[in-house]
Amino acid sequence: MTHGATAAEVATALRSAGRVILATHTHPDGDAIGSLVGMRLILEAVGISSRVFVADQDLPLPEELAVYDLGDVVTEDTVDFSDRTVVFLDCGNADRTPLGPRLGEIPVLINIDHHHDNTRFGTMNFVDASASSTAEIVWLLAKELGVPLTPELAEPLYVGLLTDTGRFSYENTTARSHAMAAELIDAGVDLTGVRRRLYEDVLPAKLHLLRYALDSMAIHGDGLLVSARVTAEDFAAAGATEAHAEGIIDVMRVLRGVRVAALARELDREPGTFKVSLRAADPTVDVSAIARFSGGGGHPQAAGFTTSLDDAEMAALILAELAAQDGAGGAA
Ligand code: AMP
Ligand code: MN
Ligand code: MN
């Protein structure tokens, strides 16, 4: 698989960019925000000013990510693409952004990402599927551009690395990811602060939501698949918001014998529609292929899609896809 552009070519393109807009996927996660904030600081260090695009529907950001300075954010109404270079970070396909239909207006579109199924929708594509996170690629680009790591830059990159590797527990965690962590820690990341903000300091609503999720837990296919779902009603009863669902899947993924975990959460803005998170608990399973079958995507070990299927229908579909993978030469 080709990377399209090299890191050096991307660095050259960024250095010569005029006015830059930085964008990411809708529902921005730790890697999306970490990469945006990191890239903004890196460009600033080489004398290039940029503005961050975030869709109206994604604001305000989840509390734990809202602490980072995105500067003067542009949204659908205020964004102007003429003469701009748009840098997409952590966005595997144009459909994952409300800017999708407007891509044609963008003269220079640099697509920097780590999704193996990235559709290469940029005019320049730098896709490194061996990177744990887009933050890992942004860290490499900082080196390429000769930008030193400051505590201010290191922390958001660390957040991207930590969240996309599931705290260094998914298969995408490599020696390079740990080397990056070591450099960022040396540069002054407040590890205790980050850990508390992202994973501790939990409100009762989050544990109540976990309770509802576990209450709905079902095991399918002789223990190969564990699923759970939280409805809008559960969210309301728990006093929880969508961000509180973060991490529930990791509780389910560790079940003995399980190869795939699926958590479905009902979307507040679309009753009856569920956002499904998939995690592989077996390195031979590719959950992104399962997600893609249902119109989503992601990584072999962590992927997602949206559906209106009920739990039994969703489980049947996942098990069928799993069997198809095994038939195609996957694990026995
Ligand atoms: P999540 O379960 O939301 O943490 O998502 C896990 C990974 O799956 C993310 O890093 C995304 O790359 C990918 N993903 C989630 N939802 C979608 C979707 N609807 N379309 C494409 N990729 C997705
Ligand atoms: Mn992401
Ligand atoms: Mn990512």
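Domain bounds here come from an automatic or database domain assignment. I am working from a predicted model.

**Entry 1: domains**

The assignment gives domain 1 as 7-198 and domain 2 as 204-327. I then took the centres of domain 1 and domain 2 over C-alpha atoms, and they lie 26 Å apart. For the contact, I noted 11 residues from domain 1 and 15 residues from domain 2.

**Entry 2: the interface**

How much area is buried between domain 1 and domain 2? I got about 1100 Å². Carbon and sulfur atoms give 51% of that area. On the domain 1 side I checked which residues contribute. His 27, His 116 and Tyr 170 supply 46% of what domain 1 buries against domain 2.

**Entry 3: polar links**

I turned to the charged and polar pairs. The interface of domain 1 and domain 2 has 1 salt bridge. I also looked up the side chains of Asp 117 and Arg 292, which meet in a salt bridge at 2.9 Å, N to O. I sorted the domain 1 side that touches domain 2 by class: 2 nonpolar, 6 polar and 3 charged residues.

**Entry 4: the cavity**

How many cavities of 30 Å³ or more does the structure hold? I found 1. The largest cavity has about 50 Å³ of space. I listed its lining next. Thr 24, His 25, Thr 26 and Pro 28 are among the lining residues. Phe 53, Val 54, Ala 55 and Asp 58 also line the largest cavity, as do Thr 97 and Pro 98. By class, I recorded the lining as 5 nonpolar, 4 polar and 1 charged.

Key:
Residues are numbered from 1 along each chain as its sequence is written. Chains are lettered from A and ligands numbered from 1 in the order in which they are written. This is a predicted model: local features need pLDDT of at least 70, side-chain atom pairs count only at pLDDT 80 or more; totals for chains, interfaces and linings use all residues. Side-chain values use heavy atoms; hydrogens and water are left out. Contact means heavy atoms within 4.5 Å. Buried area is the accessible area (1.4 Å probe) that two parts lose on being put together, summed over both. A salt bridge is a side-chain nitrogen of Lys or Arg within 4 Å of a carboxyl oxygen of Asp or Glu. Ala, Val, Leu, Ile, Met, Phe, Trp, Tyr, Cys and Pro count as nonpolar, Asp, Glu, Lys and Arg as charged, and the others, Gly among them, as polar. On a 1 Å grid over the protein atoms alone, a cavity is a set of points where a 1.4 Å probe fits but cannot get out, and a pocket is an open set with protein on both sides within 12 Å along at least five of seven lines; lining residues have an atom within 4 Å of a point. Grid points are joined across faces, edges and corners, and a volume is the space filled by probe spheres set on the points.
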